[in-house]
Amino acid sequence: MIRKILIANRGEIAVRIIRACRNMGIQSVAIYSREDEKSLHVQLADQRICIGEGAARNSYLNMDRIITAALNVEADAIHPGFGFLSENSTFVRKCQENHLIFIGPEADVIDRMGNKSAARRTMMDVGVPVVPGSREPVYDAKTARKIAEEIGYPVMIKASSGGGGKGMRVAESEEDLEAQFRVAQMESANAFGDDTMYLERFVVNPRHVEIQIIADTYGNVVSLGERDCSVQRNHQKLVEESPSPVVDAAMREKMNEYAILAAKTVGYTNAGTIEFIVSPRGEFFFMEMNTRIQVEHGVTELVTGTDLIIEQIRVADGKELSFSQEEVRPRGHAIECRINAEIPERNFMPSPGLVQMIHLPAGNGVRVDTALYSGYRIPSEYDSMIAKVLVHAPDREAAIRKMRTALDEMVILGVETNLDFQYQIMNHPVFCQGKADTGFIESFMKINTKPDVTSAE
């Protein structure tokens with residue numbers, strides 16, 4: 001039985017996990033870097049232990065220090081959150097070797113689905129629709145050119161071990177394929193230590209729609225519906241919502257069916273996400289699987305009334321899912337806006353520093369996941385996301401109005417944020433009409449410091 005969990009993460013997701021532990025009567029242990037000594041997750045945890053300073057490789061990515069910390073405090077399990085080591089199969093195996101429960105899928109499953117080209121082949125074999133492209137790994141531009149000729153330009157070059165938009169380039173024609181391939185491959189090698197690439201047809205102006213699944217060790221796999229994550233910048237999500245404005249009942253049924261098939265095919269357990277892209281013609285294709293909890297999991301929680309973190313812990317503790325597929329009945333509409341400490345007017349440059357004052361919005365159907373407080377200094381060493389504002393309302397129009405109110409009420413002084421930029425998105429006619437695709441930010445948004453001014457072009 002899990003009695004104590006070490007949280008191998010920081011920021012709002014660490015706070016989120018600590019609160020779930022409290023609700024379950026489980027003790028929590030926070031790890032932290034010197035830079036995070038005064039972070040909220042450190043203050044809220046039952047125990048805390050410093051594991052390094054400086055860059056993440058010295059702390060939150062240092063597997064041996066994390067394992068040692070877990071053993072020293074006699075933790076039963078480790079929750080990785082998202083990012084950092086959450087999809088690192090080597091870390092999972094280290095946990096198992098030291099008799100620590102990893103709250104997530106098995107290492108072999110992470111290997112199988114974490115490699116994007118291998119995941120494509122797996123999905124092809126069981127009939128899940130994938131974007132036309134390469135079946136085998138691609139290591140050189142000459143091979144890439146042959147594949148591109150077969151599937152047609154433009155093509156997307158992707159890192160097999162990629163994520164977060166790294167190792168991705170679009171080649172519009174044969175003339176720029178070699179240069180784009182080399183850049184993407186070099187970026188992949190630097191970011192992931194892997195130069196394995198794959199190619200797929202570049203779907204112009206797609207929607208990004210993902211299905212949240214959760215599975216236990218008894219063979220039960222449940223889909224909790226879709227999230228639309230199309231509002232992105234440089235492949236980084238800014239706004240997520242559920243349900244998707246472009247998914248009808250028939251498409252939803254098929255997507256859920258394929259998501260469950262994908263999870264069962266690889267013997268998946270715990271929380272995961274099957275990501276699809278949807279073409280302007282309504283075709284949808286498997287893109288990848290995220291073998292962890294997602295940043296935007298709260299959107300699904302609001303429309304389904306579930307607690308995915310608690311469910312993750314239950315599954316890792318050997319329990320069956322607390323609900324069946326028939327009991328999942330999404331209600332209303334939820335939207336999440338990611339609030340980042342950055343300056344949109346200066347190409348979204350990070351803006352770390354001292355938070356002089358913060359006021360968070362509240363009210364019925366409003367939720368803020370954050371680790372911020374007045375007097376907290378945002379470090380420069382880590383990701384710039386500092387909060388997630390979520391709202392839930394009976395329908396999409398009401399949810400958009402509620403989000404505008406929440407963003408208008410939220411105040412963060414001392415550092416620059418993208419609050420005004422998010423407010424503009426919530427007022428833009430393309431987004432309000434449910435027509436924003438993955439090119440929305442680059443095509444329609446104009447940077448403006450005034451929150452009440454939006455662009456219709």
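Figure 1. Val 203 counts as buried because its relative accessibility is 7%; buried denotes under 20% relative accessible area, exposed over 50%, and partly exposed the range in between (1.4 Å probe, protein chains only). Apart from neighbours within four places in sequence, Val 203 is in contact with Val 131, Ile 277, Ser 279 and Pro 280, contact meaning heavy atoms within 4.5 Å. Val 203 and Pro 154 are 49 residues apart along the chain, and their C-alpha atoms are separated by 8.2 Å. The model is predicted: local features need pLDDT of at least 70 and side-chain atom pairs count only at pLDDT 80 or more, while totals for chains, interfaces and linings use all residues. Residues are numbered from 1 along each chain as its sequence is written, and side-chain values use heavy atoms, with hydrogens and water left out.

**Figure 2. Asp 194 in the loop between helix H8 and strand E8.** The loop that holds Asp 194 runs between helix H8 (174–192) and strand E8 (197–201). With a relative accessibility of 18%, Asp 194 counts as buried. Its side chain makes a polar contact with the side chain of Ser 161 at 2.6 Å (a pair of N or O atoms within 3.5 Å; within protein, one must be able to donate a hydrogen and the other to accept it, and residues adjacent in sequence count only if both atoms are side-chain atoms). Neighbours within four places in sequence aside, Asp 194 is in contact with Asn 115, Ser 161, Ser 188 and Ala 189.

**Figure 3. Crossing of helices H1 and H11.** The axes of H1 (residues 11–24) and H11 (residues 308–316) come within 9 Å and cross at roughly 65°. Arg 16, Ile 17, Ala 20, Cys 21, Asn 23 and Met 24 of H1 meet Leu 308, Ile 309, Ile 310, Ile 313 and Arg 314 of H11. Axes are lines fitted to C-alpha atoms, for helices over the stretch in contact, with angles from 0 to 180 degrees between N-to-C directions.

**Figure 4. Cys 337 and Cys 432.** The model has zero disulfides, a disulfide being a pair of cysteine sulfur atoms within 2.5 Å. Cys 337 is in no disulfide, and the nearest cysteine sulfur, that of Cys 432, is 11 Å away. Cys 337 counts as buried at 0% relative accessibility, whereas Cys 432 is partly exposed at 27%.

Notes
Helices (H or I, at least four residues) and strands (E, at least two) are DSSP runs, numbered from the N terminus.
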